[in-house]
Amino acid sequence: MAQIIDGKNISSLVKEDVKKEIEALKQQNIKVCLAVIIVGDDPASKVYVGNKKKACEATGIESLEYALPADTTEEELLCLIEKLNNDPAVNGILCQLPLPKHINEKRVINTISAKKDVDAFHPENVGHIMIGDYTFLPCTPAGVMEMLERTGIEVQGKHCVIVGRSNIVGKPAAALMLNKSATVTVCHSKTVNLKEICLTADILIAAVGRANFITADMVRQDAIVIDVGINRNEQGKLCGDVDFEAVSQKASHITPVPGGVGPMTIAMLMKNTLTAAKQQNNLI
Ligand code: NAP
């Protein structure tokens, strides 16, 4: 049976570290503030925003929530972002995705000041990640790296196979793994021989968005399996992309869903907000 990488526990440790630094900043009269924008009534987005708010409370970060109606125009949203960009009391800005169809996500991402872009989606920050010289790392792949590090798993020299190539998970995860000297293969829906490639992975990262997509026959004995997926199975239960029951019999380490990468993502958002505040106060 694989060792479970407990994201809930590791995320608490990360948040504890952030909390200590926030307290130290308060002693210097520096407050840390995250502005979270949500447009519309998407239930999943509301849960995510609620969890982010709770994490802010737990770490001592002030949070400002802007819940805008679904018919908010793109111009109104961009106007709010510009206002927050120019507000020195706001250190980080996050606009919860997905946005309603009439709003251009790319324009929204590009409007958030790169210095307050705690999601690290702005092209300027993406460029910094590619050259390995960054302030912010995208929260989910950064959470994966933090989990591996705190579990004592060495990445250097390992073959890391990532299934999924999205801009928010797969691609930045590949860049971070490469920056840590792993040998990286990125797979996607057009990949031929996916199973054979997965079987060569020392570290297998699943970011597909399909329940039970990674089955035990795709996993090498004693591989490390990181499940980024968040799905609902046929019974409506939260699950990842990996067939946890079967794969955990084969892997050396595995992340569960829930309680794996999800809580790490939020902890890394807190860390990014702290970093933004330190940078804006010339402390780094
Ligand atoms: P996405 O943008 O939909 O990307 C999914 C990726 O999977 C795409 O690159 C797609 O390939 C690939 N794919 C789809 N079918 C495939 C197949 N049959 N074989 C191989 N690859 C296939 O999703 P995402 O935003 O990266 O999210 C992925 C999952 O992670 C979702 O379940 C999401 O909810 C979850 N997630 C979790 C967190 C967290 O905090 N834990 C954060 C973000 C996302 P193509 O590019 O060829 O279409």
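I take contact to mean heavy atoms within 4.5 Å. The model I am reading is predicted.

**Helix 7**

I then listed the buried residues themselves: Gly 170, Pro 172, Ala 173, Ala 174, Ala 175, Leu 176 and Met 177. That is seven of the ten residues in 170-179, so I note the helix as largely enclosed by the rest of the structure. Just past the end of helix 7, I found Ser 181 with a positive phi of about 65°.

**Domains and cores**

I noted the division of the chain into domain 1 (29-113) and domain 2 (139-262). Their C-alpha centres are 29 Å apart.

Next I looked up the nonpolar cores. The largest contains 54 residues, and Leu 34, Met 177, Ile 205 and Ile 226 make the most contacts inside it. Helix 10 (residues 261-280) supplies the largest share of this core, ten residues. Where does this core lie relative to domain 1 and domain 2? Both domains give residues to the core, so I place it between them.

I went on to Leu 34 and left out neighbours within four places in sequence. Among the contacts of Leu 34 are Cys 56, Ile 61, Leu 64, Ile 93, Leu 94 and Val 118. The list also includes Leu 269, Met 270 and Thr 273. I recorded a second, separate core of 18 residues, with Ala 2, Leu 204, Ala 206 and Ile 254 among its members.

**Leu 84**

I found Leu 84 in helix 3 (residues 74-85). Is Leu 84 buried or exposed? Its relative accessibility is 0%, so I count Leu 84 as buried. Apart from residues up to four places away in sequence, Leu 84 touches Ala 35, Ile 37, Tyr 66, Val 90, Ile 93 and Lys 116.

**Cysteines**

I searched the whole structure for disulfides and got zero. The cut-off I applied is 2.5 Å between cysteine sulfur atoms. Cys 187 is in no disulfide either, with the sulfur of Cys 198 as the nearest cysteine sulfur, 5.4 Å away. I checked burial for two of these residues. Cys 33 counts as buried because its relative accessibility is 3%, and Cys 187 counts as buried because its value is 0%.

**Ligand**

I counted 22 residues around the ligand, of which Arg 165, Ser 166, Ser 189, Ile 230 and Thr 265 come nearest. An N or O atom in the side chain of Arg 210 is 3.3 Å from a ligand nitrogen. For Ile 230, a polar backbone atom lies 3.0 Å from a ligand oxygen. For Asn 231, a polar side-chain atom is 3.4 Å from an oxygen atom of the ligand.

Note on methods. Residues numbered from 1 in each chain as written. Predicted model: local features only at pLDDT ≥ 70, side-chain atom pairs only at ≥ 80, totals over all residues. Heavy atoms only, no water. Helix = DSSP H or I, 4+ residues; strand = E, 2+ residues; numbered from the N terminus. Buried < 20%, exposed > 50% of the residue type's maximum accessible area, 1.4 Å probe, protein only. Core = buried A, V, L, I, M, F, W, Y, C linked by side-chain atoms within 4.5 Å. Domains from an automatic or database assignment. Near = heavy atom within 4 Å. Polar contact = N/O pair within 3.5 Å; in protein donor to acceptor, adjacent residues only side chain to side chain.
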